[in-house]
Amino acid sequence: EELKDESEQFVTLSFINSVCLRDHISLFFDLNWFAPGLNFASNVGFDFFMTRSGFRPFVGLGVGVQHFDKGGPVGKDVGPSGTLHAGFLVDVTDRAQVRFRVPYYAVANHSRDHAAGFEVGVLFFGRFRNVKKLNYN
């Protein structure tokens, strides 16, 4: 209820980064700003992909720190957070993907905030994304 007092909906601007660790596992690192207000979060975790095709459904989980500005002392508005999410990636080109994700955030702050949302993101890659190590044995 306290988050609804701030706003019924938040718009998120994020810096998203993903590092492929294995064929079906990647490490993500997200920095988020939730508007309106000075609401920030950073999350790190793992995404688990069902396929390696051009359409990749995934589930993921992560941990981080979240701050919702409610006008009170900073210590009551900030706390460790956990996120669970599901979504999919679509390859647009060899160097770009679009990510659709439905996250659920739970924050261990004074008011035990939690929220769900819908995100659309674009990921860009360098030109050496598909380069693999050759084994001659």
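Colleague: What should I know before reading the model?

Modeller: Residues are numbered from 1 along each chain as its sequence is written. The model is predicted, with local features needing pLDDT of at least 70, side-chain atom pairs counting only at pLDDT 80 or more, and totals for chains, interfaces and linings using all residues; side-chain values use heavy atoms, leaving out hydrogens and water.

Colleague: What pLDDT does the chain average?

Modeller: pLDDT is the predictor's confidence in each residue, from 0 to 100. The chain averages 83, and 84% of the residues score at least 70. Among the elements, helix H1 (residues 2–6) has the lowest mean, 57. Strand S4 (residues 55–67) has the highest, 94. Where pLDDT is low, the predicted coordinates should not be read in detail.

Colleague: How many helices and strands does the chain have?

Modeller: Both are DSSP runs, numbered from the N terminus: helices are H or I of at least four residues, strands E of at least two. Here there are two helices and eight strands. Along the sequence they run α-β-β-β-β-α-β-β-β-β.

Colleague: Is Thr83 buried or exposed?

Modeller: Buried means under 20% relative accessible area, exposed over 50%, partly exposed in between (1.4 Å probe, protein chains only). Thr83 counts as buried because its relative accessibility is 5%. Thr83 belongs to strand S5 (residues 78–93). In the whole chain of 137 residues, 31% are buried.

Colleague: Which residues does Thr83 touch?

Modeller: Contact means heavy atoms within 4.5 Å. Leaving out residues up to four places away in sequence, Thr83 touches several residues, including Phe28, Asn43, Gly60 and Tyr104. A polar atom of the Thr83 side chain lies 3.4 Å from the backbone oxygen of Tyr104.

Colleague: Where is Tyr104, and how exposed?

Modeller: Tyr104 sits in strand S6. Its relative accessibility is 37%, so Tyr104 counts as partly exposed. Tyr104 is also one of the residues in a nonpolar patch on the surface, along with Val19, Phe46 and Leu61, among others. Strands S1 (11–22), S3 (39–49) and S4 each supply at least two residues of that patch.

Colleague: Which residue's side chain joins that of Asp113 in a polar contact?

Modeller: A polar contact is a pair of N or O atoms within 3.5 Å; within protein, one must be able to donate a hydrogen and the other to accept it, and residues adjacent in sequence count only if both atoms are side-chain atoms. The side chains of Asp113 and Asn109 make one of 2.7 Å. Asp113 lies in the loop between strand S6 (96–107) and strand S7 (114–116). At 6% relative accessibility, Asp113 is buried.

Technical notes. Patches are made of residues with over 30% relative accessible area and no salt bridge: like charges are joined within 9 Å, nonpolar side chains (Val, Leu, Ile, Met, Phe, Trp, Tyr) within 5 Å. Accessible areas come from the Shrake-Rupley method with a 1.4 Å probe; for residues, only the protein chains shown count as cover. A salt bridge is a side-chain nitrogen of Lys or Arg within 4 Å of a carboxyl oxygen of Asp or Glu.
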